[in-house]
Amino acid sequence: MFALVVVLIGVVGVLTLAMRRAPLWQWALLALVVALLSRVVTAPGLAIDLFSWWTLVALLPAIVLRLLCITPIRRAALTGPAYGLVKSILPRVSRTEQEALDAGTVGWDAELFSGKPHWDKLLNIRKVTLTAEEQAFLDGPVNTVCSMIDDWDTRHNRADLTPEVWAFLKERGFLGMLIGKEHGGLGFSAQAQSQVVSKVASRSVAAGITVMVPNSLGPGELLEKYGTAEQKAKYLHRLAKGQEVPCFALTGPHAGSDAAGMRDVGVVTHEMVDGKKTLGVKLSFDKRYITLAPVATLVGLAFNLRDPDHLLGDETNIGITLALIPADYPGVEIGRRHYPARSAFMNGPIKGKNIFIPMDYLIGGTQYAGQGWRMLMECLSTGRAISLPAIGTVSIKHALRVTSAYARIRRQFGIAVGIMEGVAEPLSRMVRSAYTFEAARGLTASMVDEGQKPAVISALLKYRTTDAMRDRVNDALDIHGGRAVQDGPSNYLFSGYMTTPVAITVEGANILTRTLITFAQGALRAHPYLYTEIEAAQNKDRKAGLAAFDTAFSGHISFMLRNMVGSVLHAVSFGAFASRPDKTAPEMAKWFRQLARYSQSFALVGDWTVAFLGGDLKRKQRLSGRMADILSDLYLISAVLKRYEDEGRVAEDTALVDAIVRDHLFAIEQSFAGVFANFPNPVLRWLMRFLVFPLGRHRKPASDRETYRFVRAVLRPGTFRDRLTMGTYVTMDPKDITGVLEDAMIKVTKAEDAEAKFVRAIKKGIVERRLDRDAITDAVDAQVITEAEAAVLRLADQATDRVIKVDDFDFDELAAKQLSRHEEPADRAAE
């Protein structure tokens, strides 16, 4: 019996110390206590011979652990050999990789990687708020420009915004929202920029992209952060007022995601300029896919700078450098337009051959020569957090807004199509996505406003939001059926559908963002010890490197032990003892605990994946992609729970949040299962599966009954539908492309009682819907409905006819602008 007590003391002690991440001396003390107690059990009576071999064996773990507490011994026996091994096998981090890692900041992503999130770091992030000035801009100029845009005319007739819209965007500062007021810009927050881009994109994706690009990765932000005083004075005011239209040229034919393979080159040299010997750069470059290039007046450019004559210093290959060049500068060739997915936003190639530019064209001057990749990564980590999540999220919300109306208005088999379970299924996905990605968009923009540069979060949010955008727009098209595929002036979905591949592709193609960037970069930047260990291993000063490695490695071991114990304990208790915020809503406490539980499991599996695979992680992209999915699901759950808290715990949203979290927890378990099934080491594969799922996987997604309730709620005008689709441009004008839906939905809802009577009469054969008779008049004559009800029903019928009407064209109308096979454009023939 006493032996069992000793074993129990040992097990409880190990679990407690592991969970507390106790220092090494406490482990030594536990080993000593257990050794002495075990000798009491095994020794005759209570006498313990301290010098017997059995006592020494029992005390050996305590002795070893106590010796390891002595720093010189620990470094000589444990961390020193480990340091040497890591140093020998660790691949050298390239300069561009190092700069990408150094760019940006870590925040909530680090908490998820830690396995023990501190809830205040999530819940204390500022709520989604706008200043009075920003709100007035959204309610005023943004609504005005949305009302000015005819998307069919923009994309079909002009392949461009109208001159009036261009002028309005420039004059009202849309292209300079991020530029500070001291330079004539609007100086808006990231939250405001995100919401402006969102609302404009809900009217026209091409217009949204036009507004997005100058306020994302572009010369304006680069000048604000790195420009010389002279460059700021020369350009920022003009950019803010729309007197300059900027573009930024990064991607080339041979260097898309692989920026290190960039072939564009600049060589430091002297040339005679206006009779003076001038130090500058001779540039040759070839760029493509550059948004706003065809209309740009100012070109930002990334290239590799070389200094073979050492005119700037000792370095020959200085590295990626950024320059700002007027578009009409001699030798700059703005090419013909690209036509990305037949979208109307301006996009095209830029070239130059042996162009000489003075040194003051380098952004930040020679001080920032060679630092271009870091500059770009820091700007991209914030710009990517604002831009594409805004467009992706509002595309989901716009699809839900118009589809919920259409599904209520459109009737088949005597009922609104949205009530049918087959239609309700994709519509319910749209509801859940709209709430989820608006939560993530708002949270991430708030992080930027607090000064964070969330490189990892912006990457995962970009790929998840735009993937969801593609899926939900497809859902919307499925529900609309033929109404969605007949393109024309009244089609409010097809433009977004065509442009979806653009969002998937730009700012890091989703495939590579998911499989190469999100988890791999996150594991290095957000892991509590790994980055420090790598830095220590690459330190040229071995003594300093070993000291730093010793501290990090010791912490890493305790981190690993806690993850193992915490993962299995939370799994067998179903997260009952995991942490939760002190002041959270009681109905959400269980979900915070589950978030903590799966964060613990993610920390364990992520740590072992990186430790075992090492440099092979870049090649094991399917595993890396699944780990990225787990991280992104954890982040989306975090955003949803925070939104619920920030919006005042709206009771109407409680069931929706429950369903969303269930879906993501189910997805997390599926991703873990995929990692375990394909992990290359069978021992670790089995051990990880046991530690994470000792009782098996048990999560299930939201049920059909739950999700159907959301659909019924969104099929009616009201606060629930408005909250899910907030930030989209809404008009009640029945002559407008989407206003016709809002008008009809209200009229159809108002006619519900009369419609119910009318439908029952049809089913009973009292009246009949025929083109040669007025069924509503027949219903009045049969005393099925009153004259007043008939009037309401007629208005609903007329509005419905306007909604379901599709466009048609004269036989030659669509072909009128097309060229014959042998005909060439006049400008090409003149070349």
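Helices (H or I, at least four residues) and strands (E, at least two) are DSSP runs, numbered from the N terminus. The model is predicted, so that local features need pLDDT of at least 70 and side-chain atom pairs count only at pLDDT 80 or more, whereas totals for chains, interfaces and linings use all residues. Residues are numbered from 1 along each chain as its sequence is written, and side-chain values use heavy atoms, with hydrogens and water left out.

**View 1. Leu569 in helix H22.** Helix H22 (residues 542-572) contains Leu569. With a relative accessible area of 31%, Leu569 is partly exposed, a class between buried (under 20% relative accessible area) and exposed (over 50%), for a 1.4 Å probe and protein chains only. Between Leu569 and Val332 the C-alpha to C-alpha distance is 64 Å, and the two are 237 residues apart in sequence.

**View 2. A nonpolar patch on the surface.** The patch is formed by Leu60, Ile63, Val64, Leu67, Ile70 and Ile73, which together have about 460 Å² of accessible area. Accessible areas come from the Shrake-Rupley method with a 1.4 Å probe, and for residues only the protein chains shown count as cover. Patches are made of residues with over 30% relative accessible area and no salt bridge, with like charges joined within 9 Å and nonpolar side chains (Val, Leu, Ile, Met, Phe, Trp, Tyr) within 5 Å; a salt bridge is a side-chain nitrogen of Lys or Arg within 4 Å of a carboxyl oxygen of Asp or Glu. Helix H3 (residues 53-68) gives the largest share of the patch, 4 residues. Ile73 belongs to helix H4 (residues 71-89) and is partly exposed, at a relative accessible area of 34%.

View 3. At least two lining residues come from each of helix H11 (190-203) and helix H15 (372-409), and H15 supplies the largest share, 3 residues. The lining has 3 nonpolar, 5 polar and no charged residues, where Ala, Val, Leu, Ile, Met, Phe, Trp, Tyr, Cys and Pro count as nonpolar, Asp, Glu, Lys and Arg as charged, and the others, Gly among them, as polar.
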